[in-house]
Amino acid sequence: MEILATALPALGEAWGLILQPIVLGYLALGVVMGLAVGVFPGLGGIAGLSLLLPFMFGMDPILGLALMIGMVAVVPTSDTFASVLMGIPGSSASQATVLDGFPMAKKGEAARALSAAFAASLFGGLVGATFLTLFILVARPLVLAFGLPEMLMMTILGLSMVAVLAGRFALKGLAAAGLGLMIGTIGIADAGGSLRMTTYDIPYLTDGLQLVIVGLGVFAVPEIISLLRQDRSIAQGASLGGGWLDGVRDWFANIFLSVRCSIIGVIVGVIPGLGGSVVDWIAYGHTVQTTKDKSNFGKGEVRGVIGPESSNNAKEGGGLVPTLLFGIPGSGSMAIFIGAVALLGTGDIEVGPGMLKDNLDITYSIVWLLALANVLGTVLCIAASGGIAKLTTIRFTYLAPFLFMLISFAAFQSGQNFEDLLALFAIGLIGIFLRRFDWSRPAFLIGFVLSNPVEKFTNQAFQIASFRFRKSFEEGIDYIFSPIVIVLIIITVVSVVLGLRQAKLIMAEGDVQAGTKRAPLIFLLVIMGYLTVALVNASLIPNYNMTDKIVPLVIGGLSMACCLVLLVQMIRRPEGDAIFADKEVAGEDADAPYGLWQTLAWFAALIAATALVGFILALLGFLIAFLRVRAGASWAKTLVLTACGIAFMCLMAGALNRDFPPGLLQSLVDLPWPLT
Amino acid sequence: MTQTSFTRRVVVGMVAAAAMVAPAAAEVDFSGKTIEWVIPFSETGGSAKWANFFAPLLSEALPGNPTVVVKFMPGAGSTKGANWFQQQKHKDGTLIFGSSGSTQFPYLLGDPRVRYEYSDWIPIMATGTGGVAYLNAEDGARFDGSADGLKDTDFIFGSQGATGLDLVPLLAWQMLGMNVEPVFGIKGRGDGRLMFERGEATIDYQTSSGYLGGSADLVAAGSAVPMMTWGALDENGVIVRDPTFPELPSFKEVCEATDGCETSGVAWDAWKAFFISGYPSQKIAFLPQGTPQEVVDTYVAAFEAVRSRPDFAEISANEVGKYPMFAGAGATNATKEATTVSPEAREYVVNWLKGAYGVSLE
């Protein structure tokens, strides 16, 4: 009651602030800008917010907030376009959406998938805001109850979703997740600063690989290459079925799933340090486990879109709690947001513990501006989805060069190194082979995403636990096995047991035919080779830096064990056994008119040309050559499309103040932007 | 109404700036130019906040009111951006670079990734900060201005890494004879404070703005006890109490009161050198090598104009606090202080890092 007495007047004041025409106008402006930035994969809210920052200085606080929140709120909504239509995970918020969204687009149901996703996003955002309005007042003790053991367990729960997504061979899924974890450890270790699988002579690798690059490499590159080889449109038969109303109806039929996933989103979002990286996977896992007929997952099950999308906008709301209450950003864009708030007005709004006491009205304005921005963004997105879905009926050969352009640019934005492009290509190759031999790509990605949290929380929790145990045994046990930890352990065990039982039914790559022994065996041996090198490399770290070597050694060892068992099985089983799944034996890839390597060569050529003459000049040559030679377009069409592509690229990069990858030429001669 | 006030501010600012174009450097005019301020960190860090605060002010104060954009070039703990800046030569004065303690420390420690040389660059502006260490309520009760009562306690400290700014508190606590075990791998001091609030960490420190923004509330609520500040430098280079926290003793006072802690000798010199590099001259703005004097003067005049704005103290409270902002010669001095360390002090710290935390910098 006491809580309501403080909350209700503040809530009233907040709505008073929000419902001014000028505030709504700024919110709409932010939303439109956010949508424009969000459809661009890999840029996300950080780029957009940085663009707004110079205007924040001294701006009226509520207007500045409306503008910024409008921008941040819609990024997880609009990046759904890229994940559903092109199979490109735009940000960590839409990775799981790719699994079922893209197959739906391939079936010609893009509009339906999009509108179901948007309806779920909208609803998730609203549920999140409602929940937060009350929860934010009592959230502080709950957030503080989440210590390192709790966060570690939460990460392990996320990791346990591998069980659901492991595919037909649990061992292959485990090994794929292990490989992802190991690739995530590349770089300078956070704890002791040891170098893992890198040297100071390759500064690029010391920072580790970026999520954007791994996400694009594992999901986008293999799909683009595969579709390009088949030389067809994304939607089979270039026909569109399922309008946007169907999607909304689908969402409504699954409204309780949407509610549950929204709550999952808010709660996981509230926990600082986990960010959004696990939330969509947990939501996806939950969706699979609560669906009776599991046979359609991975092939275009609409529930697989509704679940993760309900959670990811709700997560944004939940992420406000650590941001506003503790001044600890839950994500990169929230970190900029905190910095920007300090510039607003007279600078007296300081994000942090004082927010609830001194600025409850502002806090509520932020929560509900976020919800309102979601509504606005979603309505715009649904309105556009029918038209944009038509992209999937275009012959893919005309889309592919522009997708190569987009993913290269997106990858480059993550580190602004030429090596970003090489890394994209290398991870893309891994992705192509994981896909071909039916090793779970989601498992690989989950492993990569959770590599750093697993290692960090294990080390830190271990250190503090041993400190507590030194004081007394009881204190140590109390610390490790708190009630929250026990609950999370139970959930994890249940989800692993159920997951393993169900995993065989979920074929994320479709039904892959088995072939001869040779190719799958070679791939396994290559993975084992990498694991061996990584294990040797980790074992060379001196023992006083145990924190840096223990996780790679254990994970690498376990993955190696999985691979060895697989090796024995592969040797003993006859050819044609499902363990030798190979997409090049039968099916779309095998029947494709173009080969893998000649298709991949186009992408390699773009990267090589960039190394020589820089991105824009390379793109010019690439687009013309591709459209003329591969697509067989007329000169007129080629030139118009090329001009459009380059103009679009320059417009976006110019507006966001971004650079392009430079090449050898640029190091010799000074050229004006955008050729720099 | 609010929008018009925003517009008005811009217009007034532009008129004011146009009226006070520095006569000494009238030849340099940046009309229609875009100045890039490169920050070797990501968009989310303290340096980003710092540059974003100064960028619009600098734009108003420079002749011709150029657009000032902040560009981010993160990587390899800021050494990537600094190495890049080392390669830049003067073109038309539209490039400036912002370094921070995290760029200065690898340079001082001889990090193998460092390919830059501070003495090549031309400092134009520098700002500093302070830091406050605090204890949990239980152990804080045993703190009486000396660390003698704390020597038998094991402390846990959430740390970003021993070679960064946390080097200064870790070395200070070790000089006091305290047993502080760092838990490495957190990102940002805010995470350290959260760990302290959860009771997992039992000792913590924050830079001045972080302390005022979050930890001061903990102190007011009785769940934390402030221990000491790192102090501040007076004009003679002597460490005095931090002007932002005049009621708190400096580390120097606590050290003097504690048995076995010396405020002279190689350990003290090493601590002081790294303290100066990390706090009183934490963030510095540079022009690239080869910049002509009139361009340097123009920038210095602009930053002096920013500093002498009547509202500067008020608007900069969050960014700079009650610490001096240096321009021109002051910035040159600050840079010298921040990037010079005697070979003995360096060796002491390198050996200590190796012995205590197994950090090897080769």
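**Note on the two domains of chain B**

1. The centres of domain 1 and domain 2 of chain B, taken over C-alpha atoms, are separated by 30 Å. Domain 1 covers 2–128 + 281–339 and domain 2 covers 131–277, with bounds from an automatic or database domain assignment.

2. Keep in mind that this is a predicted model, where local features need pLDDT of at least 70, side-chain atom pairs count only at pLDDT 80 or more, and totals for chains, interfaces and linings use all residues. Residues are numbered from 1 along each chain as its sequence is written, chains are lettered from A in the order in which they are written, and side-chain values use heavy atoms, with hydrogens and water left out.

3. On to the interface. About 1200 Å² is buried between the two domains of chain B, 60% of it from carbon and sulfur atoms (accessible area, 1.4 Å probe, lost on putting the two parts together and summed over both). On the domain 1 side, B:Phe105, B:Lys322 and B:Tyr323 lose the most area to domain 2, together 49% of what that side buries.

4. Which elements does domain 1 of chain B bring to the side that touches domain 2? Helices H4 (101–109) and H13 (329–339) each supply at least two residues, and H4(B) gives the largest share, 5 residues. Helices here are DSSP runs (H or I, at least four residues), numbered from the N terminus.
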